[in-house]
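Please look over the model below. My notes follow as numbered points.

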Amino acid sequence: MNAQTWINQHQIIAIVRGVPGDQILPTAKALHDGGIRLLEITFDQSGKTSSLDTGRSIEALARAFEGRMCIGAGTVMTVEQADIAAKAGAQYMISPHSDRAVIEHTKTIGSVSIPGAMTPSEIVQAYQWGADFVKLFPAGTLGEGYIKAIRAPISHIPLLAVGGIDELNLNRFLSLGLSGVGIGSNLVNLKLIREGRFDELTRLAEKFRVKEQHA
């Protein structure tokens, strides 16, 4: 099953940001036990975590959860980061922006491209450059009404919504015809992870899965 099929089928991408390397695997296991099947490991543009270390985390997850989770890379800002992620086993590249070179290179190396955009013009441009999905960001700030309005003329472009989505509004966002959503700290709770409360993280993930199944 390719990454596009994984995304269309499972819809919820858990965004893993700021999780120490030694806690990546137990975090992924807890999310998997709660029903999450899509995981995005983000690059740290501040430099506190090197791109190579991010690649190692992706590689560890891709090996440990092969066939059970679809692992992708997030905050992919450069062609070099796309290469690191792809070599590590990431099947999709998510960015906060739309960069033509990154989109085209991602397609060249056989990965699924998910650049970020906000306006209809940006969304259409990213899609014309080859994006498989376009990440509407920040979705929570823009609001459901905005998404509904822009979906009317560009319903042919697969959209993911990221930013401000939680267990209370998940149903409403998915009902707008989106291909899926990305959820960060509202799902990947850093306090629970740091305190080793992985059973609680699993129960949190289950809440989101229940919401999705009834969307």
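1. Charge first. Lys and Arg count as positive and Asp and Glu as negative, with His and the chain ends not counted. The place of a charge is NZ of Lys, CZ of Arg, CG of Asp or CD of Glu. The protein has 21 positive and 21 negative side chains. The centres of the two sets lie 4 Å apart.

2. Basis. This is a predicted model: local features need pLDDT of at least 70, side-chain atom pairs count only at pLDDT 80 or more, and totals for chains, interfaces and linings use all residues. Residues are numbered from 1 along each chain as its sequence is written, and side-chain values use heavy atoms, leaving out hydrogens and water.

3. Salt bridges. The structure holds nine (a side-chain nitrogen of Lys or Arg within 4 Å of a carboxyl oxygen of Asp or Glu).

4. Helix H2. Helices are DSSP runs of H or I, at least four residues, numbered from the N terminus. H2 covers residues 24–33 and holds both Lys29 and Asp33, four residues apart. Their closest N and O atoms are 2.8 Å apart, in a salt bridge.

5. Helix H3. Arg63 and Glu59 form a salt bridge at 2.9 Å, N to O. About one helical turn separates them in H3 (residues 51–64). Arg63 is exposed at 63%, while Glu59 is partly exposed at 29%.

6. A network. Arg197 and Glu195 form a salt bridge, with closest N and O atoms 2.3 Å apart. Shared partners join Lys191, Glu195, Arg197 and Glu200 into one salt-bridge network.

How values were computed:
Helix = DSSP H or I, 4+ residues; strand = E, 2+ residues; numbered from the N terminus. Buried < 20%, exposed > 50% of the residue type's maximum accessible area, 1.4 Å probe, protein only.
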